[in-house]
Amino acid sequence: MKVNKDANGYTFAFSIILVIVVGVILSSLSIGLGPLKKANVEVKKKMNILSALGVESTRKDGSEKYDKYITESYVISHSGNLQENLPAEKQAFSLDVQKQFRDKTVKVTDRLYPIFEAEKDGEKLFVLPVVGKGLWGPIWGFVALADDYETIVGTSFDHKGETPGLGAEISQSFFENRYNGEKIASNGTFTPISVVQNGSGSESQKVDGITGGTITSKGVERMVNETMEVYYKYFSKNK
Amino acid sequence: MSNTEEKVKAPSEPLFSKKNKRLITDPLSDNNPITIQVLGICSALAITVQVEQAFWMSISVIFVMVFGNLIVSLLRNLIPSRVRIIVQLVIVASLVIIVNESLQAFVPDVSEKLSVFVGLIITNCIIMGRFEAFAMANKAWPSILDAVGNAIGYAWILLLVALVREVLGSGKIWGASIFGNNLPGEESGLYALGYVNNNMMILPPMALIVVGIIIWVQRSMNKELVEEN
């Protein structure tokens, strides 16, 4: 029997079969690779936390080193108060601050902020997650504060889809290191740190941006300032 | 089907006959998808800041092209002509998702480096162009060869542009510094002598200028390619 390929019925049948076949292949692939992807994301998060502390780790030893350095973790509210008795998905490590940042139903004042306490070379450090917007999508990272609650000792930034070679450079150590030594407070009040274009980044409270990545650099500036302000509320109450 | 008739017409064509070889070699130079057909320019512009990304992009495109051309060629007699572009789009999109998922699961570091550009393979006009112009009208084996040829033709231009831009723009090859250290205050190598990286090279327009220079060189070497006007 010769099939009329121009008939509507054939076109519909072909499209339906194609969509079902493709749908089954892609969804089983996605489910099958799900656990691997999830594990990759978790290890990456641990590596980022460690990287803010200045600890080098690989995908292999990331989990192990995380357990070694991070001593305690807890969650504070937007107004800077310690939150207790939170459900499992809102505990410090499992709390998805990026999802919370995107979720328009969560008011800014209802956002939760995790704190990771770490001990490195006998010193106590605080690792604080930050989330913000870059040029193409979300950017996020971790900022490590020293025991004086105001000096930044390390940062690690990451992004979803900033332009490779331009905005994406925020995740490179040369940019992350520019934040080291900056202070988020002086004399007990919060002070913002600006990302500048004119090369005056060596002055205090200033960090050089990235050539060709201006909007991403400004995104980092906003992200760090907005989040550090919240954390400083907590620290100034609990020094 | 009339198998016997076909055999009489083409008595078992060798796998790498002259005609088949041309399918691979033509797109490398005289019919290069980027420099002659001027397709796929968007990714040539976006992904060529660093050689490593260009490399992984090329690998991904080769995969999508070869399997896409193969699938379209196998289905060519079944695809209803009125929805053929949509069908081709579904095939290329599915392959790209497969590439993206696999990268995320098995080589997460590469996936992070390529970020959004894997998704943009879907919009690479070379791929849709080959589906429509070649795979829809040819058998599986020539289609694979055509895909390999075009994908490699795309890849080598991409890598060349990336090499030029990374060397001149960042002073690196594959992320490794070649001119010495250029951190302020601790310059070494060429930087100590006053050399500075050309920051303009990492901006997108320079990719087009580099492609333009390649086109110029190619056409002055082969006058047949020059349009008479």
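**View 1. Lys183(A) and the residues it touches.** Not counting residues up to four places away in sequence, Lys183(A) touches Glu150(A), Thr151(A) and Thr191(A); a contact here means C-beta atoms, placed from the backbone, within 7 Å. This is a predicted model, where local features need pLDDT of at least 70, side-chain atom pairs count only at pLDDT 80 or more, and totals for chains, interfaces and linings use all residues. Residues are numbered from 1 along each chain as its sequence is written, with chains lettered from A and ligands numbered from 1 in the order in which they are written. You'll find Lys183(A) in the loop between helix 4 (173-176) and strand 7 (185-186) of chain A (helices, H or I of at least four residues, and strands, E of at least two, are DSSP runs numbered from the N terminus). The C-alpha atoms of Lys183(A) and Thr151(A) are separated by 4.5 Å, though the two sit 32 residues apart along the chain.

**View 2. Helix 8 against helix 9 in chain B.** Helix 8 (residues 140-170) of chain B and helix 9 (residues 205-221) of chain B pack at about 120°, axes 10 Å apart. Axes are lines fitted to C-alpha atoms, for helices over the stretch in contact, and angles run from 0 to 180 degrees between N-to-C directions. On the helix 8 side, Ile157(B), Leu160(B), Val161(B), Val164(B) and Arg165(B) meet Met206(B), Ala207(B), Val210(B), Val211(B) and Ile214(B) of helix 9. Those contact residues split into nine nonpolar, no polar and one charged (nonpolar: Ala, Val, Leu, Ile, Met, Phe, Trp, Tyr, Cys and Pro; charged: Asp, Glu, Lys and Arg; polar: the others, Gly among them).

**View 3. Around Val64(B).** Leaving aside neighbours within four places in sequence, Val64(B) is in contact with Val92(B), Leu95(B), Val96(B), Val99(B), Ile121(B) and Ile127(B).

Terms used: Contact = placed C-beta atoms within 7 Å.
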